[in-house]
Amino acid sequence: MLEKYKYTLVASDEFLEDSFIYLNRWQESFESAHHFHDCIEITIVEEGKGYHYLNEEVMAVKKGELFVLPLGVSHVFRPSSSNSEDKLIVYNVLLNPIVLQQIVDEARSHNENHFAEWCSRLMNERINEYLHLMDKYDICLSIIRNMFGEFQQRQSGHSVILHAKLKELLINLFRLEHRFIINTDSKISSFAINEVISYMNEHLHETITIADMARLMLVSEGHFLRMFKKYTSQTFTEHLQNIRIEKSCHLLLYTDYTIKEISNFVGYKNVDYFRSLFIKKLGVAPNKFRKKV
(Lines give C-alpha, C1' and ligand atoms only; values in the text may rest on other atoms or scores of the structure.)
Protein backbone atom coordinates (compact mmCIF):
# COMPACT_ATOMS: atom_id res chain seq x y z
CA MET A 1 0.00 0.00 0.00
CA LEU A 2 2.77 2.45 0.86
CA GLU A 3 4.39 2.13 -2.56
CA LYS A 4 1.68 4.28 -4.18
CA TYR A 5 2.79 7.35 -2.22
CA LYS A 6 5.54 9.71 -3.26
CA TYR A 7 7.58 10.52 -0.16
CA THR A 8 9.39 13.76 0.64
CA LEU A 9 11.76 14.35 3.53
CA VAL A 10 10.83 17.52 5.38
CA ALA A 11 14.06 18.47 7.11
CA SER A 12 14.56 20.52 10.24
CA ASP A 13 17.00 22.99 8.67
CA GLU A 14 14.55 25.88 9.06
CA PHE A 15 14.72 25.94 12.86
CA LEU A 16 15.44 29.33 14.34
CA GLU A 17 19.04 29.59 15.47
CA ASP A 18 19.50 27.88 18.84
CA SER A 19 15.72 27.46 19.36
CA PHE A 20 15.30 24.05 17.66
CA ILE A 21 11.63 24.91 17.06
CA TYR A 22 9.79 25.60 13.81
CA LEU A 23 6.10 26.46 13.32
CA ASN A 24 3.82 27.00 10.36
CA ARG A 25 0.12 27.38 9.59
CA TRP A 26 -0.86 25.55 6.45
CA GLN A 27 -3.95 25.14 4.27
CA GLU A 28 -3.85 21.55 3.08
CA SER A 29 -4.57 20.64 -0.53
CA PHE A 30 -4.49 17.63 -2.82
CA GLU A 31 -1.08 18.81 -4.07
CA SER A 32 0.59 18.37 -0.66
CA ALA A 33 3.25 15.66 -0.79
CA HIS A 34 3.15 12.57 1.40
CA HIS A 35 6.18 13.17 3.60
CA PHE A 36 8.11 12.32 6.72
CA HIS A 37 10.23 14.39 9.11
CA ASP A 38 13.66 14.11 10.68
CA CYS A 39 12.18 15.78 13.77
CA ILE A 40 9.23 15.42 16.14
CA GLU A 41 5.97 16.99 14.95
CA ILE A 42 2.94 18.24 16.84
CA THR A 43 0.10 19.02 14.46
CA ILE A 44 -3.45 20.23 15.15
CA VAL A 45 -6.45 20.89 12.94
CA GLU A 46 -7.48 24.52 13.42
CA GLU A 47 -10.28 24.68 10.90
CA GLY A 48 -12.31 22.46 8.60
CA LYS A 49 -12.58 18.73 7.99
CA GLY A 50 -10.61 16.23 5.95
CA TYR A 51 -8.49 13.12 6.15
CA HIS A 52 -5.14 12.29 7.68
CA TYR A 53 -3.09 9.65 5.87
CA LEU A 54 -0.80 8.36 8.59
CA ASN A 55 1.54 5.45 7.85
CA GLU A 56 -0.93 2.89 6.46
CA GLU A 57 -3.99 4.40 8.16
CA VAL A 58 -6.56 6.86 6.87
CA MET A 59 -8.71 8.70 9.40
CA ALA A 60 -11.31 11.45 9.18
CA VAL A 61 -10.27 14.58 11.09
CA LYS A 62 -11.93 17.81 12.21
CA LYS A 63 -11.12 20.87 14.29
CA GLY A 64 -9.32 20.01 17.53
CA GLU A 65 -7.80 16.72 16.35
CA LEU A 66 -4.18 16.72 17.50
CA PHE A 67 -1.32 14.38 16.69
CA VAL A 68 2.17 13.99 18.14
CA LEU A 69 4.34 12.20 15.59
CA PRO A 70 7.75 10.70 16.35
CA LEU A 71 10.66 10.78 13.92
CA GLY A 72 10.10 8.95 10.66
CA VAL A 73 6.30 8.89 10.57
CA SER A 74 4.97 9.33 7.02
CA HIS A 75 1.79 11.33 6.67
CA VAL A 76 -0.21 13.92 4.78
CA PHE A 77 -3.49 15.78 5.32
CA ARG A 78 -6.12 16.10 2.60
CA PRO A 79 -9.24 18.31 2.59
CA SER A 80 -12.62 16.61 2.42
CA SER A 81 -13.14 17.84 -1.16
CA SER A 82 -11.58 19.98 -3.87
CA ASN A 83 -14.20 22.69 -3.24
CA SER A 84 -12.35 25.87 -2.27
CA GLU A 85 -14.85 26.46 0.53
CA ASP A 86 -13.96 23.15 2.21
CA LYS A 87 -10.74 24.34 3.81
CA LEU A 88 -8.53 22.20 6.02
CA ILE A 89 -6.09 24.35 7.98
CA VAL A 90 -3.52 22.95 10.40
CA TYR A 91 -0.74 24.22 12.62
CA ASN A 92 2.54 22.30 12.65
CA VAL A 93 5.09 22.50 15.47
CA LEU A 94 8.41 20.83 14.58
CA LEU A 95 10.87 20.00 17.37
CA ASN A 96 14.47 18.93 17.24
CA PRO A 97 14.93 16.10 19.79
CA ILE A 98 17.57 18.31 21.44
CA VAL A 99 14.94 20.71 22.79
CA LEU A 100 12.80 17.83 24.04
CA GLN A 101 15.79 16.31 25.84
CA GLN A 102 16.35 19.65 27.57
CA ILE A 103 12.78 19.56 28.84
CA VAL A 104 13.23 15.96 30.01
CA ASP A 105 16.36 16.91 31.95
CA GLU A 106 14.62 19.91 33.53
CA ALA A 107 11.59 17.83 34.50
CA ARG A 108 13.79 15.23 36.17
CA SER A 109 15.64 17.96 38.10
CA HIS A 110 12.25 18.92 39.57
CA ASN A 111 11.36 15.26 40.29
CA GLU A 112 8.61 15.35 37.64
CA ASN A 113 9.61 11.86 36.59
CA HIS A 114 6.26 10.78 35.16
CA PHE A 115 6.20 13.78 32.83
CA ALA A 116 9.90 13.25 31.96
CA GLU A 117 9.22 9.63 30.99
CA TRP A 118 6.28 10.70 28.87
CA CYS A 119 8.43 13.25 27.01
CA SER A 120 11.15 10.65 26.53
CA ARG A 121 8.60 8.37 24.90
CA LEU A 122 7.95 11.07 22.28
CA MET A 123 11.59 10.82 21.20
CA ASN A 124 11.44 7.15 20.28
CA GLU A 125 11.67 6.08 16.67
CA ARG A 126 8.86 3.53 16.76
CA ILE A 127 6.73 5.10 14.06
CA ASN A 128 3.52 3.36 15.09
CA GLU A 129 3.54 4.95 18.55
CA TYR A 130 2.08 8.33 17.61
CA LEU A 131 -0.38 10.13 19.89
CA HIS A 132 -3.87 11.07 18.73
CA LEU A 133 -5.71 13.42 21.10
CA MET A 134 -8.77 15.69 20.99
CA ASP A 135 -8.27 19.30 22.09
CA LYS A 136 -12.00 19.78 22.68
CA TYR A 137 -11.75 23.11 24.49
CA ASP A 138 -8.94 24.70 22.39
CA ILE A 139 -6.48 24.72 25.30
CA CYS A 140 -3.59 23.42 23.20
CA LEU A 141 -4.71 25.31 20.10
CA SER A 142 -4.56 28.60 22.01
CA ILE A 143 -0.99 27.87 23.15
CA ILE A 144 0.08 26.94 19.61
CA ARG A 145 -1.47 30.14 18.21
CA ASN A 146 0.55 32.15 20.71
CA MET A 147 3.70 30.25 19.77
CA PHE A 148 3.06 30.88 16.08
CA GLY A 149 2.66 34.61 16.73
CA GLU A 150 5.99 34.72 18.55
CA PHE A 151 7.65 32.66 15.83
CA GLN A 152 6.36 34.98 13.09
CA GLN A 153 7.14 38.28 14.80
CA ARG A 154 10.49 37.23 16.29
CA GLN A 155 10.64 40.15 18.69
CA SER A 156 13.22 40.40 21.44
CA GLY A 157 12.87 37.45 23.81
CA HIS A 158 10.84 35.33 21.38
CA SER A 159 13.08 32.30 21.84
CA VAL A 160 12.56 32.36 25.61
CA ILE A 161 8.79 32.63 25.18
CA LEU A 162 8.76 29.85 22.58
CA HIS A 163 10.53 27.46 24.94
CA ALA A 164 8.25 28.42 27.85
CA LYS A 165 5.15 27.94 25.70
CA LEU A 166 6.48 24.63 24.41
CA LYS A 167 6.77 23.36 27.98
CA GLU A 168 3.25 24.58 28.69
CA LEU A 169 2.00 22.82 25.56
CA LEU A 170 3.69 19.53 26.41
CA ILE A 171 2.39 19.62 29.99
CA ASN A 172 -1.14 20.16 28.71
CA LEU A 173 -0.73 17.31 26.21
CA PHE A 174 0.52 15.09 29.03
CA ARG A 175 -2.50 16.02 31.17
CA LEU A 176 -4.85 15.55 28.23
CA GLU A 177 -3.59 12.02 27.61
CA HIS A 178 -3.76 11.19 31.33
CA ARG A 179 -6.95 13.03 32.18
CA PHE A 180 -8.58 9.83 33.41
CA ILE A 181 -5.84 9.24 36.02
CA ILE A 182 -7.68 10.16 39.20
CA ASN A 183 -7.09 10.19 42.93
CA THR A 184 -8.23 7.10 44.81
CA ASP A 185 -10.56 9.18 46.98
CA SER A 186 -12.02 11.41 44.27
CA LYS A 187 -13.51 11.48 40.79
CA ILE A 188 -11.46 14.51 39.94
CA SER A 189 -7.78 15.28 40.48
CA SER A 190 -5.57 18.32 40.86
CA PHE A 191 -4.44 17.67 37.26
CA ALA A 192 -8.05 18.16 36.16
CA ILE A 193 -8.53 21.34 38.21
CA ASN A 194 -5.34 22.79 36.70
CA GLU A 195 -6.78 22.03 33.27
CA VAL A 196 -9.91 23.99 34.15
CA ILE A 197 -7.89 26.94 35.47
CA SER A 198 -5.74 26.95 32.32
CA TYR A 199 -8.89 26.98 30.20
CA MET A 200 -10.37 29.86 32.24
CA ASN A 201 -7.24 31.98 31.79
CA GLU A 202 -7.16 31.36 28.04
CA HIS A 203 -10.88 32.10 27.53
CA LEU A 204 -11.57 35.06 29.85
CA HIS A 205 -13.25 36.95 27.01
CA GLU A 206 -15.83 34.18 26.53
CA THR A 207 -18.80 32.98 28.55
CA ILE A 208 -17.48 30.40 31.04
CA THR A 209 -20.15 28.40 32.83
CA ILE A 210 -20.11 25.87 35.63
CA ALA A 211 -21.96 23.45 33.36
CA ASP A 212 -19.25 23.69 30.67
CA MET A 213 -16.45 23.13 33.17
CA ALA A 214 -18.24 20.16 34.73
CA ARG A 215 -18.62 18.62 31.26
CA LEU A 216 -14.92 19.22 30.64
CA MET A 217 -14.15 17.17 33.77
CA LEU A 218 -16.86 14.56 33.07
CA VAL A 219 -18.47 15.03 36.50
CA SER A 220 -21.67 16.55 37.86
CA GLU A 221 -21.87 20.29 38.50
CA GLY A 222 -22.19 19.78 42.25
CA HIS A 223 -19.15 17.51 42.42
CA PHE A 224 -17.14 19.90 40.28
CA LEU A 225 -17.96 22.85 42.56
CA ARG A 226 -16.98 20.92 45.70
CA MET A 227 -13.68 19.79 44.22
CA PHE A 228 -12.87 23.22 42.81
CA LYS A 229 -13.31 24.74 46.27
CA LYS A 230 -11.20 21.94 47.79
CA TYR A 231 -8.24 22.49 45.49
CA THR A 232 -8.33 26.32 45.18
CA SER A 233 -9.89 27.43 48.49
CA GLN A 234 -12.19 29.63 46.40
CA THR A 235 -15.57 29.12 44.83
CA PHE A 236 -15.64 28.86 41.06
CA THR A 237 -17.35 32.26 40.76
CA GLU A 238 -14.85 33.94 43.12
CA HIS A 239 -11.88 32.58 41.21
CA LEU A 240 -13.31 33.56 37.82
CA GLN A 241 -14.11 37.07 39.03
CA ASN A 242 -10.66 37.48 40.57
CA ILE A 243 -8.73 36.49 37.45
CA ARG A 244 -10.96 38.68 35.28
CA ILE A 245 -10.43 41.70 37.53
CA GLU A 246 -6.68 40.96 37.66
CA LYS A 247 -6.57 40.89 33.86
CA SER A 248 -8.56 44.13 33.66
CA CYS A 249 -6.06 45.83 36.00
CA HIS A 250 -3.24 44.86 33.64
CA LEU A 251 -5.16 46.26 30.66
CA LEU A 252 -5.94 49.48 32.50
CA LEU A 253 -2.28 50.04 33.36
CA TYR A 254 -0.60 48.98 30.14
CA THR A 255 -3.07 49.72 27.31
CA ASP A 256 -5.18 52.61 26.07
CA TYR A 257 -8.33 50.53 25.68
CA THR A 258 -11.56 52.11 26.89
CA ILE A 259 -13.33 50.81 29.99
CA LYS A 260 -16.01 49.30 27.76
CA GLU A 261 -13.43 47.52 25.60
CA ILE A 262 -11.65 46.14 28.66
CA SER A 263 -14.96 45.00 30.10
CA ASN A 264 -15.58 43.00 26.91
CA PHE A 265 -12.02 41.64 26.84
CA VAL A 266 -12.46 40.09 30.28
CA GLY A 267 -15.86 38.59 29.58
CA TYR A 268 -18.30 41.20 30.90
CA LYS A 269 -20.64 42.48 28.21
CA ASN A 270 -22.44 44.70 30.74
CA VAL A 271 -20.00 47.50 31.50
CA ASP A 272 -22.07 48.73 34.47
CA TYR A 273 -21.80 45.31 36.10
CA PHE A 274 -18.06 45.31 35.41
CA ARG A 275 -17.67 48.73 37.08
CA SER A 276 -19.63 47.67 40.16
CA LEU A 277 -17.65 44.43 40.50
CA PHE A 278 -14.35 46.30 40.07
CA ILE A 279 -15.34 48.75 42.83
CA LYS A 280 -16.43 45.87 45.06
CA LYS A 281 -13.08 44.07 44.60
CA LEU A 282 -10.69 47.05 44.69
CA GLY A 283 -12.63 49.86 46.32
CA VAL A 284 -12.12 52.21 43.39
CA ALA A 285 -13.71 52.66 39.94
CA PRO A 286 -11.74 51.46 36.87
CA ASN A 287 -11.14 54.99 35.52
CA LYS A 288 -9.88 56.23 38.90
CA PHE A 289 -7.67 53.15 39.25
CA ARG A 290 -6.06 53.99 35.91
CA LYS A 291 -5.41 57.60 36.93
CA LYS A 292 -4.35 56.82 40.50
CA VAL A 293 -1.64 54.25 39.76
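1. Start with the helices: from α1, Leu-100, Ile-103, Val-104, Ala-107 and Arg-108 meet Asn-113, Phe-115, Ala-116, Cys-119, Ser-120 and Leu-122 of α2 (contact means heavy atoms within 4.5 Å). Sorted by type, the residues of this contact are eight nonpolar, two polar and one charged (Ala, Val, Leu, Ile, Met, Phe, Trp, Tyr, Cys and Pro count as nonpolar, Asp, Glu, Lys and Arg as charged, the others, Gly among them, as polar).

2. A word on the model: it's predicted, with local features needing pLDDT of at least 70 and side-chain atom pairs pLDDT 80 or more, while totals for chains, interfaces and linings use all residues. Residues are numbered from 1 along each chain as its sequence is written, and side-chain values use heavy atoms, leaving out hydrogens and water.

3. Now the geometry. Helix α1 (residues 97-109) packs against helix α2 (residues 113-122) at about 165°, the axes being 8 Å apart (axes are lines fitted to C-alpha atoms over the stretch in contact, and angles run from 0 to 180 degrees between N-to-C directions). The two are therefore roughly antiparallel (over 145 degrees).

4. On to strand β7 (residues 74-79): six of its six residues are buried, so the strand is largely enclosed by the rest of the structure (buried means under 20% relative accessible area, with a 1.4 Å probe and protein chains only). Ser-74, Val-76 and Arg-78 point one way, and His-75, Phe-77 and Pro-79 the other.

5. What does β7 pair with? Strand β3 (residues 34-37) pairs with β7 in the antiparallel sense over two bridges (pairing takes at least two DSSP bridges), and Phe-36 has Ser-74 as its bridge partner. Strand β4 (residues 40-54) also runs antiparallel to β7, joined by five bridges; here His-52 partners Phe-77.

How values were computed. Helices (H or I, at least four residues) and strands (E, at least two) are DSSP runs, numbered from the N terminus. Angles under 35 degrees count as roughly parallel, over 145 as roughly antiparallel, 65 to 115 as roughly perpendicular and the rest as oblique. Buried means under 20% relative accessible area, exposed over 50%, partly exposed in between (1.4 Å probe, protein chains only).
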